[in-house]
Amino acid sequence: MQDGDRSGPLEGRHVLVTAGPTHEPIDPVRYIANRSSGKQGFAIAAAAAAAGARVTLVAGPVQLETPPGVTRIDVQTARDMANAVRDALPADVAVMTAAVADWRASDVMDQKLKKRSSAPPALRLEENPDILVSLGSSDKRPALLIGFAAETENVVENARAKRERKRADWIVANDVSGGVGKSVMGGADNRVHLVTESGVEDWPEMPKDRVAARLVERIAAALEDRND
Ligand code: CTP
Ligand code: CA
């Protein structure tokens, strides 16, 4: 897709999407990660590009094809993702679907950790930067800032609190309970709740690309309403 081919409700807009997990190294062969597949974020990037937006997709390590018309930047760690997001600004809309690792190993070993006869090694962790929080308080804050919240309990309540704490406009909350291996993470369908300034909408379970298309419709309508 050439820039000149872009038309649709998001024509002329720059949409920034983060997707996938991050990998936080422990030693040269091990890392901390999570079950995020990146599918929901890739579907949103695809839907935004199909709606005419210029799309930057900052992707953690995932096995997915780059959607047509999307500029993809691959990263490994949360700090790499934070830098790539900062470099991609300004954006009209940011959709932060990435399951960023909350912690990284404080000391990354140069050599593979070896089993010794002594006790297992303790892993010291430190907190990663919160990319959504820094966007929320940035002087380059996108006009529409959307976070995701993967929760296993108190889904909507936690999402509401996250919306305020992170100064996001919307939080898309999804219930990722369901047990190891049976969760939404990695699956094709998603059941989400859209938490906005005016309340909570419960969307029925649907394929992730339908969630993406519906969210992109809402984004286009919101930008139009704000007339910016
Ligand atoms: N997020 C982020 N950077 C982080 C952690 C989270 O940008 N270091 C973003 C995610 O991409 C998501 C939103 O913040 O859009 C919420 O992520 P979540 O993990 O649900 O929230 P946390 O604040 O990390 O809270 P917790 O994991 O303890 O529930
Ligand atoms: Ca988290």
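His14 is buried, because its relative accessible area is 5%, where buried means under 20% relative accessible area, exposed means over 50%, and partly exposed lies in between (1.4 Å probe, protein chains only). This is a predicted model, in which local features need pLDDT of at least 70 and side-chain atom pairs count only at pLDDT 80 or more, while totals for chains, interfaces and linings use all residues. Residues are numbered from 1 along each chain as its sequence is written, chains are lettered from A and ligands numbered from 1 in the order in which they are written, and side-chain values use heavy atoms, with hydrogens and water left out.

His14 belongs to strand 1 (residues 14–19); here helices (H or I, at least four residues) and strands (E, at least two) are DSSP runs, numbered from the N terminus. The side chain of His14 is joined to that of Thr56 by a polar contact of 2.7 Å, a term for a pair of N or O atoms within 3.5 Å, of which, within protein, one must be able to donate a hydrogen and the other to accept it, and for which residues adjacent in sequence count only if both atoms are side-chain atoms. A polar atom of the His14 side chain also lies 2.8 Å from the backbone oxygen of Pro90. Pro90 itself sits in the loop between helix 2 (78–88) and strand 6 (93–96), and the peptide bond that joins Leu89 to Pro90 is cis, with omega about 5°.

### The surroundings of ligand 1

Which residues are the closest to ligand 1? Of the 15 residues that surround ligand 1, the closest are Met96, Ala98, Pro129, Lys162 and Lys166, and a residue is counted as near when one of its heavy atoms lies within 4 Å. Helix 3 (131–136), strand 9 (144–151) and helix 4 (155–165) each supply at least two residues of this shell, and the largest share, four residues, comes from strand 9.

| Residue | Part of the residue | Distance to an oxygen atom of ligand 1 |
|---|---|---|
| Asp102 | N or O atom in the side chain | 3.0 Å |
| Leu132 | backbone N or O atom | 2.9 Å |
| Phe148 | polar backbone atom | 2.9 Å |

Taken alone, ligand 1 exposes 570 Å², and the protein buries 79% of that; accessible areas come from the Shrake-Rupley method with a 1.4 Å probe, and for residues only the protein chains shown count as cover.

### Loops with positive phi

Asn154 lies in the loop between strand 9 and helix 4, and its phi is near 45°, a positive value in a residue other than glycine. Asn154 counts as partly exposed because its relative accessibility is 45%. Arg167, found in the loop between helix 4 and strand 10 (170–175), has a phi near 55°, again a positive value in a residue other than glycine, and Arg167 counts as exposed because its relative accessibility is 52%.

Asn174 lies in strand 10 and counts as buried, because its relative accessibility is 8%; its side chain makes a polar contact of 3.2 Å with the side chain of Asn190. Val70, in strand 5 (residues 70–74), is likewise counted as buried, because its relative accessibility is 11%. Val70 and Phe42 are 28 residues apart along the chain, and their C-alpha atoms are separated by 9.5 Å. Pro68, in the loop between strand 4 (54–59) and strand 5, counts as exposed because its relative accessibility is 65%, and its C-alpha atom is 6.9 Å from that of Ala46, which is 22 residues away in sequence.

Why do the ends of helix 5 lie 27 Å apart? The 19 residues of helix 5 (residues 208–226) should span 27 Å at 1.5 Å a residue, so the 27 Å between the end C-alpha atoms agrees, the expected span being 1.5 Å times one less than the number of residues. Buried residues in helix 5 include Lys208, Val211, Ala212, Leu215, Val216, Ile219 and Leu223. An α-helix has 3.6 residues a turn, so residues three or four places apart point the same way.

Arg214 lies over the face of Trp203, at 4.5 Å from the ring centre, and Arg218 lies over the face of Trp170, at 5.8 Å; a charge sits over a ring if NZ of Lys or CZ of Arg is within 6 Å of the ring centre and within 35 degrees of the ring normal.
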